[in-house]
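Hi,

Here is the model I promised to pass on. Have a look, and my notes on the charged side chains follow below.

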Amino acid sequence: QVQLLESGGGLVQAGGSLRLSCAASGSIFNINTMGWYRQAAGKQRELVATITRGGVTNYADSVKGRFTISTDNAKKTTYLQMNSLKPEDTAVYYCNVQGIKQGYGPFNSWGQGTQVTVSS
């Protein structure tokens, strides 16, 4: 079993910053990809940013230049630094981690979600 613990959401004014964290724990052999997705009210869940084990990143066009994803591999933790936040960034943000469990089965785990609200 793989568990994800998210933290760092909250309420911020437009133009402000927040940093989200997501720590993975459990029976993990290795992690291949860590990422963040978000779901605004009434909309589908969408990709925000991902990072591979080798450090290759991918960002949604809407957050390029404002958000930065990073990892601490030793801590099995990913971070999402969000700067220049806009009201349209308001959503529940979900962490996603994919990899291999001890015993060599794959896993694809989701965090519980953390609310980010940006006021205008």
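R66 and D89 form a salt bridge, with the closest N and O atoms 2.7 Å apart. I count a salt bridge when a side-chain nitrogen of Lys or Arg lies within 4 Å of a carboxyl oxygen of Asp or Glu. This pair joins distant parts of the chain: R66 is in the loop between β6 (57-59) and β7 (67-72), D89 is in the loop between β8 and β9, and 23 residues separate them. Strands here are DSSP runs of E, at least two residues, numbered from the N terminus. R66 and D89 are both buried, meaning under 20% relative accessible area, while exposed is over 50% and partly exposed is in between (1.4 Å probe, protein chains only).

Before you set anything up: this is a predicted model, where local features need pLDDT of at least 70 and side-chain atom pairs count only at pLDDT 80 or more, but totals for chains, interfaces and linings use all residues. Residues are numbered from 1 along each chain as its sequence is written, and side-chain values use heavy atoms, with hydrogens and water left out.

What else does D89 meet in a salt bridge? That would be R38, at 3.0 Å from N to O. R38 sits in strand β4 (residues 28-39), 51 residues from D89. D89 has 0% relative accessibility, and R38 is buried as well, at 6%.

R38 also bridges to E46, with closest N and O atoms 2.7 Å apart. E46 is partly exposed, at 37% relative accessible area.

Put together, R38, E46, R66 and D89 make up a salt-bridge network. The total by this rule is four salt bridges.

Cheers

Methods
Helix = DSSP H or I, 4+ residues; strand = E, 2+ residues; numbered from the N terminus.
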